[in-house]
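User: I'd like to go through this model and hear the criterion behind each label. Could you start with the helices?

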Amino acid sequence: MSEHRKHQTGSPFEKAAAYSRAVRKGQFVYVSGTTGYDYAAMEMPADVADQARNCLTTIAASLAALDASMNDIVRARYYVTKPEYFDAVAPALAEFLGGIDPAATMVVCDLIRPEMLIEIEVTAQLG
């Protein structure tokens, strides 16, 4: 039977909607859509690039909690609320994922709170 572990950040969204920030099943780690909150302070920066950096910092910590790293990411999905945010978030994405270069998709859509400008989810594969 393959390993099944979960990681939670303590976000109130995780409890309210009954989900884990990340789940490891065997050699895969699935990280839920992560918004730009600083989950320790539950504060959201106004700038979309700062939100992207917070998303990726939370994702990195969630992967590490399940014995994975950013280098293991094979798939990323980015959800932004405006198409013009691409230019603002691209440098943050390159900062965290440059050289890893996962398969990726960016979608323009609404998110569940007006202060949320970006949400990122990733899949990592170990080994």
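User: What makes you speak of a kink in H3, and where is it centred?

Analyst: This one is a predicted model, so local features need pLDDT of at least 70 and side-chain atom pairs count only at pLDDT 80 or more, while totals for chains, interfaces and linings use all residues. Residues are numbered from 1 along each chain as its sequence is written, and side-chain values use heavy atoms, with hydrogens and water left out. The bend at a residue is the angle between axes fitted to the seven residues ending there and the seven starting there. In H3 that gives a kink of about 25°, centred on Pro-91. H3 itself is a helix covering residues 85-97 (helices are DSSP runs of H or I with at least four residues, strands are E runs of at least two, numbered from the N terminus).

User: How do you know what span to expect for H3 and H2?

Analyst: The expected span is 1.5 Å times one less than the number of residues. H3 has 13 residues and reaches 17 Å between its first and last C-alpha, close to the 18 Å expected. H2 has 18 residues and reaches 26 Å, close to the 26 Å expected. After H3 comes Gly-99, with a positive phi near 90°.

User: Why is Thr-58 called buried?

Analyst: Buried means under 20% relative accessible area, exposed means over 50%, and partly exposed is in between (1.4 Å probe, protein chains only). Thr-58 has 12% relative accessibility, so it counts as buried. Thr-58 belongs to helix H2, residues 48-65, where the buried residues also include Ala-52, Cys-55, Ile-59 and Leu-63.

User: What does Thr-58 touch?

Analyst: Leaving out residues up to four places away in sequence, Thr-58 touches Thr-9, Arg-21, Thr-34, Tyr-37 and Tyr-39 (contact means heavy atoms within 4.5 Å). Take Arg-21: it sits 37 residues from Thr-58 along the chain, and their C-alpha atoms are 9.1 Å apart.

User: How do you know which side of the cut-off His-7 and Thr-123 fall on, buried or exposed?

Analyst: His-7 in strand E1 has a relative accessible area of 19%, so it is buried. Its contacts beyond four places in sequence include Arg-21, Ser-62 and Leu-66. Thr-123 is in strand E6, and at 14% Thr-123 counts as buried too. Among the residues that Thr-123 touches are Val-29, Ile-73 and Arg-75.

User: What makes a group of residues a nonpolar core here, and how many residues does the largest one have?

Analyst: The set must consist of buried Ala, Val, Leu, Ile, Met, Phe, Trp, Tyr and Cys residues joined through side-chain atoms within 4.5 Å. The largest such set has 28 residues, and Val-29, Ile-59, Leu-63, Met-70, Ile-118 and Ile-120 have the most contacts inside it. Two or more residues each come from strand E3 (28-35), H2, strand E4 (73-80), H3 and strand E6 (118-125). H2 gives the most, with six residues. Another core, of seven residues, lies apart from that one and includes Phe-13, Tyr-39, Leu-111 and Met-116.

User: Why are E1 and E5 placed at the edges of the sheet?

Analyst: Two strands pair if DSSP finds at least two bridges between them. The six strands form an open sheet in the order E1-E2-E3-E6-E4-E5, with mixed pairing. E1 (4-7) and E5 (103-108) each have a single partner strand, so one side of each is left without a neighbour in the sheet. The twist averages 10° from one strand to the next.

User: Which strands does H2 touch, and how is H2 directed relative to E6?

Analyst: H2 packs on the sheet against E1, E2, E3, E4 and E6, and its direction makes about 30° with that of E6 (axes are lines fitted to C-alpha atoms, for helices over the stretch in contact, with angles from 0 to 180 degrees between N-to-C directions). H3 lies across E4, E5 and E6 and runs at about 155° to E4.

User: How many bridges do you have for E6 with E3 and with E4?

Analyst: E3 and E6 pair over six bridges, in the antiparallel sense, with Val-29 partnered by Ala-124. Seven bridges join E4 to E6, also antiparallel, and there Val-80 stands opposite Ile-118. Both counts meet the requirement of two or more, so both are pairs.
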